[in-house]
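Here is a friendly briefing to read alongside the model. Take a look at the structure first, and then follow the points below.

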Amino acid sequence: MNAVELARFIPKAELHIHIEGSLEPELIFELARRNGVALAYPSIEALRAAYAFTDLQSFLDIYYAGASVLLHPQDFHDMAWAYFRRAHADNVVHAEIFFDPQTHTARGVPIASVIEGLAGACRRAREELGISSALILCFLRHLGEDDAFATLDAALPWREHFIGVGLDSSEVGHPPEKFERVFARCRELGLRVVAHAGEEGPPEYMWQAIDLLKVDRIDHGVASVQDPLLMAELAHTRLPLTVCPLSNLKLCVVRDLREHPLKTMLDAGLCVTINSDDPAYFGGYMNANFVQTTEALQLTREDVIALAKNSFEASFIDAAQRQAFVAEVNRVAAAA
Ligand code: HPA
Ligand code: ZN
């Protein structure tokens, strides 16, 4: 089996997926009809045609508009269940899933509807597909720290349903330092902490995520290649980076997938993983990301195996589960 075939086949964990970014245009229109929500686009085709992004903000504007059709627990369940079926087809065996409660509570949707709908889909994925999963609550960084604290408080009655918190939305102008106190509180509560940094923002934002937020992983982190000291630090600590190649291409972080820094980062010894970010908007789920990156960067079988192993090393599963998944990667790689 060559590297591309192995990339499709190998078991993997997905660690950077915004569940609202898995909402396909067909489901947006179905939920809009079901819930009586008016959309700014006359058809599925017109909506899809608007998916021509120039930067992160141009995407976020459409992404938040798409999420406006989500009202009831069933809607959140149906969205996540559609994601799990696609992830299963791509041999994703474990997923750690971001959700943006503020996007929904700002429209009057109870946080209970969001979390209970998503948690129900996670249970079903375990029972019917054998996929293990966990939820990560993301704070919107274009809003203030007070809003993040209020969101954390509102979510705490459902504490057993999420394993950690993250930081997403518009990066430039909203550095991690803005959220230092709320992240400290989350760490005290025993939550895992991650943050988007170094997607459009500078390496300085990645240093802040490490030094001030004390993150367990960085989401994106492609700006690390601009800073040799940061590269050395990340190689030494193996602090994982959840890289999303097709997202970087669609949001013009890179001009061409052949110029993507993932191989440079992998060769430097960083714990790099491949993920889909917002697959309904960026042209593909996990295997599309794995396959297109493998082709564009001429990754080897060894690279593909390292990426799959990194995904389990970087995940928040326990040591026994991790060992079992890595053993399965070794078994599949040896047989294929
Ligand atoms: N970056 C920041 N915020 C986001 C993203 C992203 O790629 N996707 C959804 N929210
Ligand atoms: Zn993201």
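## A surface glutamine and the overall picture

Gln323 has its place in helix α17, which covers residues 319–335. Please keep in mind that this is a predicted model. With a relative accessibility of 62%, Gln323 counts as exposed, because the cut-off for that class is over 50%. Computed along the sequence is one thing and through space another: Gln323 and Leu167 lie 156 residues apart in the chain, and their C-alpha atoms are 29 Å apart.

**Overall fold**

- The protein is built from 17 helices and eight strands.
- Its radius of gyration is 19 Å, close to the 20 Å that the globule rule gives for 336 residues, so the protein is as compact as a globular protein of that length.
- The C-alpha trace spans about 50 × 40 × 40 Å along the principal axes.
- Of the 336 residues in the protein, 58% are buried.
- Among contacts with a separation of 6 or more, 77% come from residues 24 or more positions apart.

**The sheet**

- Eight strands form an open sheet in the order β1-β2-β3-β4-β5-β6-β7-β8, and their pairing is parallel.
- At the edges are β1 (12–18) and β8 (272–274), each of which pairs on one side only.
- On average, neighbouring strands of this sheet are turned by 25° against each other, direction ignored.
- Helix α15 (residues 286–296) packs on the sheet and touches β1, β2 (92–99) and β8. The direction of α15 makes about 110° with that of β1.
- Strands β3 (residues 132–140) and β4 (residues 164–168) run parallel and are joined by five bridges.
- Leu140 stands opposite Asp168 of β4.

**The zinc site**

- Which residues coordinate the zinc ion (ligand 2)? They are His16, His18 and His196, each through NE2, together with Asp277 through OD, at 2.0 to 2.2 Å.
- Along the sequence, the donor residues of this zinc ion follow the spacing H-x1-H-x177-H-x80-D.
- For reference, the ideal angle for four tetrahedral donors is 109.5 degrees.
- Are His16 and His18 buried or exposed? Both of these histidines are buried.

**Helix α2 and its surroundings**

- Helix α2 (residues 25–35) has buried residues at Pro25, Leu27, Ile28, Phe29, Leu31, Ala32 and Asn35.
- Gly36 follows α2 and has a positive phi, near 65°.

**Val114 in helix α7**

- Val114 is found in helix α7, which covers residues 111–129.
- The relative accessible area of Val114 is 0%, and Val114 is therefore buried, the cut-off being under 20%.
- Apart from neighbours within four places in sequence, Val114 is in contact with Phe76, Phe99, His104 and Val109.
- Val114 and Arg141 are 27 residues apart along the chain, with 19 Å between their C-alpha atoms.

Note on methods: Residues are numbered from 1 along each chain as its sequence is written. Chains are lettered from A and ligands numbered from 1 in the order in which they are written. This is a predicted model: local features need pLDDT of at least 70, side-chain atom pairs count only at pLDDT 80 or more; totals for chains, interfaces and linings use all residues. Side-chain values use heavy atoms; hydrogens and water are left out. Donors are N, O and S atoms within 2.8 Å of the metal (3.2 Å for Na, K and Ca); water is not among the atoms, so sites may look incomplete. Buried means under 20% relative accessible area, exposed over 50%, partly exposed in between (1.4 Å probe, protein chains only). Two strands pair if DSSP finds at least two bridges between them. Helices (H or I, at least four residues) and strands (E, at least two) are DSSP runs, numbered from the N terminus. Axes are lines fitted to C-alpha atoms, for helices over the stretch in contact, and angles run from 0 to 180 degrees between N-to-C directions. Contact means heavy atoms within 4.5 Å. The radius of gyration is taken over C-alpha atoms; the globule rule is 2.2 Å times the number of residues to the power 0.38.
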